[in-house]
Amino acid sequence: MAAVVEVEVGGGAAGERELDEVDMSHLSPEEQWRVEHARMHAKHRGHEAMHAEMVLILIATLVVAQLLLVQWKQRHPRSYNMVTLFQMWVVPLYFTVKLHWWRFLVIWTLFSAVTAFVTFRATRKPLVQTTPRLVYKWFLLIYKISYATGIVGYMAVMFTLFGLNLLFKIKPEDAMDFGISLLFYGLYYGVLERDFAEMCADYMASTIGFYSESGMPTKHLSDSVCAVCGQQIFVDVSEEGIIENTYRLSCNHVFHEFCIRGWCIVGKKQTCPYCKEKVDLKRMFSNPWERPHVMYGQLLDWLRYLVAWQPVIIGLVQGINYILGLE
């Protein structure tokens with residue numbers, strides 16, 4: 001039967017009929033893949049001009065879409081971020097239901113439920129005193145889990161490429177599926193939590209009053225108050241408050257260390273929460289073991305485009321090809 005697979009088929013309709021007559025039930029998975037590959041080549045033989053036209057449409061659409069997205073982000077960043085966040089949240093759900101990825105659907109539902117509760121708390125007025133730390137704790141937890149999951153997934157993929165999976169008697173396809181799945185989980189939820197955290201950080205900071213995206217703050221910041229959470233930095237033993245390490249920025253404003261780290265890492269802010277002076281992240285994260293967290297956050301920001309807008313652009317390209325009668 002393997003000999004049948006290796007036979008060179010003729011061109012045109014005769015070649016397609018010859019491949020269609022191959023009995024797939026008795027072939028190994030590798031031989032079935034070869035037959036399917038040959039069928040695809042036979043189907044598209046002689047369509048080189050149409051394929052070139054489809055490639056040009058794809059390139060042109062990608063360029064135009066990128067220019068439009070850049071202009072939209074620069075002119076209306078708030079609406080761009082909200083639509084992008086909605087895209088990232090909903091588009092994978094469509095493919096999950098369509099392809100019956102129930103494990104992903106369960107995790108997505110749990111993440112969405114808790115995140116919806118945290119977001120609800122962050123957008124309430126007046127803001128409860130414990131809400132800012134609740135928000136940063138939740139999203140920092142998701143950030144660390146996604147970071148660890150992505151690292152494990154990347155290592156699994158690398159081990160498979162180097163053949164180390166054979167030491168544990170794991171099939172290459174199983175090891176690769178495991179690694180890619182973990183890598184996807186880590187990157188997807190990492191991107192999603194950073195955008196939700198940024199939105200919550202903006203709402204809470206504007207509610208507290210020490211931060212405004214444009215213009216001057218609505219409150220004057222006292223030296224004894226943290227502008228991120230609005231709580232006293234230094235408290236007496238008999239007073240209720242948060243007791244922890246503090247951090248002074250180069251602008252001399254002082255914050256709770258946890259708050260300012262959450263503001264910069266989780267909330268994606270690189271300016272002082274009060275005066276908007278640039279924060280020196282290298283100085284803040286002097287420990288070399290902490291710097292990969294900053295680079296990982298920058299990687300997630302870059303991947304947002306692929307997660308949110310790439311499926312939309314590909315769908316647009318397919319629609320154009322369908323209207324023009326291209327297959």
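**Figure 1. Glutamine 87 is a buried residue of the predicted model.** Its relative accessible area is 15%. That value is under 20%, so glutamine 87 counts as buried. Glutamine 87 is found in helix H5. Leaving aside neighbours within four places in sequence, glutamine 87 is in contact with Pro92, Ala308, Trp309 and Val312.

**Figure 2. Helices H6 and H8 pack against each other.** Helix H6 covers residues 102–122, and helix H8 covers residues 172–208. Their axes are 10 Å apart and meet at an angle of about 10°. Angles under 35 degrees count as roughly parallel, and H6 and H8 are therefore roughly parallel to each other. Two packed helices are described by the angle between their axes and the distance between the axes.

**Figure 3. Side by side, H6 and H8 meet through these residues.** From H6 come Arg103, Phe104, Ile107, Trp108, Phe111, Thr115, Thr119 and Ala122. From H8 come Phe184, Tyr185, Tyr188, Tyr189, Leu192, Glu193, Phe196, Met199, Cys200, Tyr203 and Met204. By class, the contact of H6 with H8 has 15 nonpolar, 2 polar and 2 charged residues.

**Figure 4. Tryptophan 89 and phenylalanine 196 form an aromatic pair.** The count for the model comes to 12 aromatic pairs. In this one, the rings lie 6.4 Å centre to centre, with 90° between the planes. The arrangement is edge-to-face. The pair links distant parts of the chain. Tryptophan 89 sits in helix H5 (residues 77–99), phenylalanine 196 sits in helix H8, and the two are 107 residues apart. How do their accessibilities read, buried or partly exposed? Tryptophan 89, at 29% relative accessibility, counts as partly exposed. Phenylalanine 196, at 11% relative accessibility, counts as buried.

**Figure 5. Tyrosine 188 and tyrosine 189 also pair through their rings.** The centres are 5.0 Å apart and the planes are at 75°, so the pair is edge-to-face. Tyrosine 188 has 2% relative accessibility and counts as buried. Tyrosine 189 counts as buried at 7% relative accessibility. Both tyrosines belong to a cluster linked by ring pairs. Its members are Phe104, Phe111, Phe184, Tyr185, Tyr188 and Tyr189.

**Figure 6. The largest nonpolar core holds 48 residues.** Phe139, Leu249, Phe255 and Trp263 touch the most other members. Elements that give two or more residues to this core are H5, H6, helix H7 (131–161), H8, strand E2 (254–256), helix H9 (257–266) and helix H11 (291–308). Which element gives the most to this core? H8 does, with 13 residues. In soluble globular proteins, nonpolar side chains tend to be buried together.

**Figure 7. A second, separate core has 6 residues.** Among them are Met50, Ala65, Ile313 and Val317.

Figure 8. From the N terminus on, the elements run α-α-α-α-α-α-α-α-β-β-α-α-α-α. The chain has 327 residues, of which 38% count as buried. Among contacts between residues at least 6 apart in sequence, 61% join residues at least 24 apart.

Conventions:
Residues numbered from 1 in each chain as written. Predicted model: local features only at pLDDT ≥ 70, side-chain atom pairs only at ≥ 80, totals over all residues. Heavy atoms only, no water. Axes fitted to C-alpha atoms, helices over the stretch in contact; angles between N-to-C directions. Helix = DSSP H or I, 4+ residues; strand = E, 2+ residues; numbered from the N terminus. Parallel < 35°, antiparallel > 145°, perpendicular 65-115°, else oblique. Contact = heavy atoms within 4.5 Å. Nonpolar A, V, L, I, M, F, W, Y, C, P; charged D, E, K, R; others polar. Phe/Tyr/Trp six-rings, centres within 6.5 Å; stacked < 30°, edge-to-face > 60°. Buried < 20%, exposed > 50% of the residue type's maximum accessible area, 1.4 Å probe, protein only. Core = buried A, V, L, I, M, F, W, Y, C linked by side-chain atoms within 4.5 Å.
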